[in-house]
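Here's a quick walk through this model, written for someone who likes to know where the cut-offs sit. Have the structure open while you read.

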Amino acid sequence: MDSLFIQSGYQGPDSNRQHNFIEGANSSERGMRVARRVLVAGGGGFIGHHLVNRLKREGNWVRAVDLHPPYFEPSQADEFIVHDLREYQACLESTKDIDDVYQLAADMGGIGYITANHAELTRNNVLINAHMLEAARKSSVSRYLYTSSACVYPSFKQNETQVAPLKEADAIPADPERGYGWEKLFSEQLCSYYRSDFGLQTSSVRFHNIYGPLGTYEGGREKAPAALSRKVALAENNGWIDIWGDGLQTRSFCYIDDCVEGLTRILKSGRPEPINLGSNELISVRGLAELIVTISGKTLKIKTDPSKPQGVRGRNSDNGELFRVLGWEPSVKLREGLAATYSWIYDQLRQGGRAKPPQPIAPVIR
Ligand SMILES: NC(=O)c1ccc[n+]([C@@H]2O[C@H](COP(=O)([O-])OP(=O)(O)OC[C@H]3O[C@@H](n4cnc5c(N)ncnc54)[C@H](O)[C@@H]3O)[C@@H](O)[C@H]2O)c1
């Protein structure tokens, strides 16, 4: 198995032990309480990287594992390991001496990517999730959070643009997104079996379109907010951009800061059943594009491309259960989060000499 240690905050095995003052199961016998030893699987990815930053700010000891380091800035993890988590041995090494696991590693991307790669993507994610759960059990991890998706919800509940927000119980009877959604639904079930059969504290979170700075914005895996921001930033003023589908399809989008806040709260809650984590601010894809154009300060025409995949007709998050369990729900307004995201993507493209003026003014969130 290939593995590689990358220096970041990591100072070597002995220094790890010096930070080993934890309240979790692996360390309770030490009787000390400062922080926990946390694994972020997928810590080189968009959400995982933001989560590592957050966990470090809270004073935890963090190990991040991924196929690659974060693309846009160095990881703050105490230890960053390049591992392929489809391999059981890699999962075992990753979960060793860990209290809490956030499992975000997945082969995934936007609608174009997930609809074009059913077999390979599903196989990769089945292997990662089956091996990660078993390794977490073998390593006596105390809390395990699995990141699922709104793609588990049945297509027959998402045929209208003005769709009823999806409640957790809507997932069954099942008719999820082919490939990616079926695997997510199955892995949620597997988490529940590990909880009931082996006593591993598992939680499953269903994300609804997470977006923000430091995420992929080109190459085919990017999601709608990042793809549209890139198109707008690259467009000449008074030019045009294209959007996929007829643009009337609706979604809600959740800003990354809210996502990370929700993740840490859900893990601590110990909630056994899957729970939504998303915004309930519904908008059409055309509306999303128009909002980004307004933020950019440009005047652009929007052309639709019905030949491109557009996913379900409408999807929104019902946050009733989230609020009942946590007394909290996402609060960053779409306009605010998009302004921060557009500004970051514009800046990335400007550095490569590709963005077209005007330059946006970077906003401050909250
Ligand atoms: N971003 C969203 O809107 C969204 C929506 C629903 C669900 N999710 C889920 O949230 C999690 C994180 O998503 P993200 O947006 O940060 O995606 P991402 O693609 O940025 O991060 C996933 C990371 O997993 C890593 N990975 C893939 N295969 C791996 C392997 N075999 N071994 C080790 N690492 C591997 C990738 O390299 C990547 O860095 C995923 O489980 C995803 O399915 C995300």
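Predicted model: local features only at pLDDT ≥ 70, side-chain atom pairs only at ≥ 80, totals over all residues.

Asp 97 is partly exposed, since 18 other C-beta atoms lie within 10 Å; buried here takes 20 or more other C-beta atoms within 10 Å of a residue's own, exposed means 12 or fewer, and partly exposed is anything in between, with C-beta atoms placed from the backbone. Asp 97 has a positive phi of about 60° despite not being a glycine. You'll find Asp 97 in the loop between α3 (88–95) and β5 (100–103). Helices (H or I, at least four residues) and strands (E, at least two) are DSSP runs, numbered from the N terminus.

Leu 214 is another non-glycine with a positive phi, about 70°. Leu 214 belongs to the loop between β8 and α7, and it counts as buried because it has 20 C-beta neighbours inside 10 Å. Most residues other than glycine have a negative phi, and most peptide bonds are trans. Two cis bonds turn up here: one joins Ile 172 and Pro 173, with omega about 5°, and another runs from Pro 357 to Pro 358, with omega near 5°. Pro 173 sits in the loop between β6 and α6 (180–198), while Pro 358 is in the segment after α11.

Residues are numbered from 1 along each chain as its sequence is written. The confidence score, pLDDT, is the predictor's own and runs from 0 to 100 for each residue. The protein averages 92, and 90% of the residues score at least 70.

Where is pLDDT under 50? That's residues 7–31, where the model has 43 contacts beyond four places in sequence; a contact needs C-beta atoms, placed from the backbone, within 7 Å of each other.

## Around the ligand

The ligand is surrounded by 26 residues, and the closest are Gly 42, Gly 45, Ile 47, Ala 106 and Ser 149. To be near, a residue needs its C-beta atom, placed from the backbone, within 6 Å. At least two shell residues each come from α2 (46–57), α5 (118–138) and β6 (143–149), and α2 gives the most, with 3.

The shell splits into 11 nonpolar, 10 polar and 5 charged residues. Nonpolar covers Ala, Val, Leu, Ile, Met, Phe, Trp, Tyr, Cys and Pro; charged covers Asp, Glu, Lys and Arg; the others, Gly among them, are polar.

Thr 122 lies in α5 and counts as buried because it has 20 C-beta neighbours inside 10 Å. Its contacts, leaving out residues up to four places away in sequence, are Gly 179, Trp 182 and Glu 183. Thr 122 and Ala 106 are 16 residues apart along the chain, with 9.5 Å between their C-alpha atoms.

The largest nonpolar core has 93 residues, of which Val 40, Ala 41 and Tyr 102 touch the most other members. Helix α11 (residues 334–351) provides the largest share of this core, 8 residues. A nonpolar core is a set of buried Ala, Val, Leu, Ile, Met, Phe, Trp, Tyr and Cys residues joined through C-beta atoms within 7 Å. Beyond four places in sequence, Tyr 102 touches Val 38, Val 40, Ala 41, Leu 51, Leu 145, Leu 263 and Leu 267.

Leu 263 and Leu 267 are among the buried residues of α8. Helix α8 (residues 256–269) has 14 residues, which at 1.5 Å a residue should span 20 Å, in agreement with the 20 Å between its end C-alpha atoms; the expected span is 1.5 Å times one less than the number of residues. Just after α8, Gly 270 has a positive phi of about 70°.

Why is helix α7 (residues 224–234) largely enclosed by the rest of the structure? Because 10 of its 11 residues are buried. The buried residues of α7 pack against β8 (210–211), β9 (240–244), α9 (285–296) and α11.

Terms used
Contact = placed C-beta atoms within 7 Å.
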